[in-house]
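The sequence and model are shown first.

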Amino acid sequence: MEAERDLYQQDYYAWITSQIALLRQGRSQEIDVAALAEELEAMGRRERNELVNRLIILIAHLLKWHYQPAHRTSSWRGSIVEQRVQIRRELRLSPSLKPFFVEAMQLAYPDALHIATTETGLPLSLFPKRCPYSQTQALDDDYWPNAPPTAA
């Protein structure tokens, strides 16, 4: 067991392959349970972070699309389409993330707003304090914001 802990700290990939081999061989008593639990928790956090990160990009581009109609580009459109596809894929592969979606949008909005204001040069006061897009709008391929909403 001590050897597994040392391996975990010295060669992460070797530790992973070792743990996989132990699991497949049914040698569960030799598994580094503490480190494995740590890694599983980290995997869960990465799944949630991946959703938030994709929403940051999606919302930032929706804001830019919304507030700078004269500067709309195929790159912005492509980014919006790609993020929608990837987010739907994440939710399809991990349906238990669906209840976290609204919270993820709230977590993503400040960073998306920072990106949008930085990239557009528009003042922060022009944008709403809270995300102006619903979950449905964010994922709807037919939703393309047109007129800027009133800042709230």
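## Basis

The model is predicted: local features need pLDDT of at least 70, side-chain atom pairs count only at pLDDT 80 or more, and totals for chains, interfaces and linings use all residues. Residues are numbered from 1 along each chain as its sequence is written, and side-chain values use heavy atoms, with hydrogens and water left out.

## Helices α3 and α4

Helix α3 spans residues 33–67 and helix α4 residues 74–93; helices are DSSP runs of H or I with at least four residues, numbered from the N terminus. The two pack at an angle of about 150°, their axes 9 Å apart. Axes are lines fitted to C-alpha atoms over the stretch in contact, and angles run from 0 to 180 degrees between N-to-C directions. α3 and α4 are therefore roughly antiparallel (over 145 degrees). The crossing of α3 past α4 is left-handed, that is, the near helix is turned anticlockwise from the far one by less than a right angle.

Contact (heavy atoms within 4.5 Å) involves, among others, Leu51, Leu55, Leu58 and Trp65 of α3 and Trp76, Ile80, Ile87 and Leu91 of α4. By class, the α3 contact with α4 has 10 nonpolar, 4 polar and 7 charged residues. Ala, Val, Leu, Ile, Met, Phe, Trp, Tyr, Cys and Pro count as nonpolar, Asp, Glu, Lys and Arg as charged, and the others, Gly among them, as polar.

## Helices α3 and α5

The axes of α3 and α5 come within 7 Å and cross at roughly 45°.

## Nonpolar core

The largest nonpolar core has 31 residues; such a core is a set of buried Ala, Val, Leu, Ile, Met, Phe, Trp, Tyr and Cys residues joined through side-chain atoms within 4.5 Å. α3 gives the most to this core, with 11 residues. Leu51, Leu55, Ile59, Leu63, Ile87 and Phe101 have the most contacts inside the core. Beyond four places in sequence, Leu55 touches Ile87, Phe101, Ala104, Met105 and Ala108.

## Alanine 35

Alanine 35 lies in α3 and counts as buried, at 0% relative accessibility (buried means under 20% relative accessible area, with a 1.4 Å probe and protein chains only). Leaving aside neighbours within four places in sequence, alanine 35 is in contact with Arg5, Tyr8 and Trp15.

Key. Parallel < 35°, antiparallel > 145°, perpendicular 65-115°, else oblique. Buried < 20%, exposed > 50% of the residue type's maximum accessible area, 1.4 Å probe, protein only.
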